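Work through the exercises below with the sequence and the model open. Try each task before you read its solution.

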Amino acid sequence: MKEGPDIARIAALIGDPARANMLTALMSGKALTVSELAEEAGITIQTASSHLSKLDQGGLLRPRKQGRHKYFSLASDQVAHVLEGLMGLAAGAGHLRRRTGPKDAELRQARVCYNHLAGDMGTQMFDSLLAGGHLRLDGEDLSLTETGAGLVTDLGIDLGALQKGQAALCRECLDWSERRSHLAGSLGRALLSRFEDLSWARRDQKTRVVTFSPSGFREFERLFGSG
């Protein structure tokens with residue numbers, strides 16, 4: 001056997017349909033119980049427990065116990081990044097699951113991708129920040145500029161606290177529906193959280209759809225409008 005990372009093992013873990021459905025459900029950033037994940041995958045709790053054990057052993061999940069319940073979330077941003085990339089690859093190759101109706105259009109407009117904003121509004125915000133000189137992209141290196149720091153601070157985000165954290169401040173994430181980048185990293189998460197705090201937007205935990213209020217949409221367009 002050749003030396004190096006065993007991508008076949010990780011691919012096999014993600015590739016099972018039931019496990020793929022559970023991992024996709026965890027892209028909301030919310031920790032879910034075994035029964036909740038079993039429902040997402042359409043399988044029994046016993047079967048779900050077996051799948052979750054394999055995902056945990058493979059380093060893709062972070063299990064936590066609280067009271068009588070055990071919760072599961074994605075192990076890291078890196079796992080979410082790989083999943084979003086695979087979604088983009090599948091969409092680009094035409095491998096799409098059956099549409100669920102109106103929610104599909106809503107998902108494409110704005111959704112949660114592991115606690116940051118994705119979809120059309122996510123890529124619009126990313127493009128606007130780049131065009132306005134608030135973000136600087138140098139090769140694969142994405143950074144916040146001085147004017148960007150001012151915009152973030154004016155929104156009421158504690159930039160100093162974000163910069164002290166271990167997670168990358170700014171990171172590109174390829175959007176599966178738009179096939180363009182949206183903003184990930186601790187700043188991406190902080191922006192979505194701030195939109196919620198300001199009552200501009202709310203997320204649907206079951207579908208990952210992010211819905212903006214009329215006033216929130218106007219404020220978003222004022223800051224990140226393409227016009």
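**Exercise 1.** Classify Asp127 as buried, partly exposed or exposed, then find its salt-bridge partner.

*Solution.* Step 1: take the relative accessible area of Asp127, which is 34%. Step 2: apply the classes: buried is under 20%, exposed is over 50%, and partly exposed is in between (1.4 Å probe, protein chains only). Asp127 is therefore partly exposed. Step 3: look for the partner. A salt bridge needs a side-chain nitrogen of Lys or Arg within 4 Å of a carboxyl oxygen of Asp or Glu. Asp127 meets Arg180 this way, at 2.4 Å from N to O. Asp127 sits in helix 7 (residues 120–131), and Arg180 in the loop between strand 8 (171–174) and strand 9 (181–184), 53 residues apart. Helices (H or I, at least four residues) and strands (E, at least two) are DSSP runs, numbered from the N terminus. Arg180 is also partly exposed, at 33%.

This is a predicted model: local features need pLDDT of at least 70, side-chain atom pairs count only at pLDDT 80 or more, and totals for chains, interfaces and linings use all residues. Residues are numbered from 1 along each chain as its sequence is written, and side-chain values use heavy atoms, leaving out hydrogens and water.

**Exercise 2.** Which parts of the chain does the salt bridge between Asp77 and Arg189 tie together?

*Solution.* Step 1: check the distance. The closest N and O atoms of Asp77 and Arg189 are 2.7 Å apart. Step 2: locate both ends. Asp77 lies in helix 5 and Arg189 in helix 10 (residues 185–197), so the bridge joins parts 112 residues apart in sequence. Asp77 is partly exposed at 23%, and Arg189 is partly exposed at 23%. Step 4: count. The whole structure has 5 salt bridges, including one between Glu196 and Arg203 at 2.8 Å, N to O.

**Exercise 3.** Where are the buried and the exposed residues of helix 4?

*Solution.* Step 1: list the buried residues of helix 4: Ala48, His51, Leu52 and Leu55. Step 2: compare their directions. They cover an arc of only 100 degrees around the axis, so they lie on the same side of helix 4. The arc is taken from the directions from the helix axis to the C-beta atoms. Step 3: turn to the face away from the buried side, which carries the exposed residues Gln46 and Gln57. Step 4: find the cover. Helix 1 (7–15), helix 2 and helix 3 (34–41) are among the elements covering the buried residues. Contact means heavy atoms within 4.5 Å.
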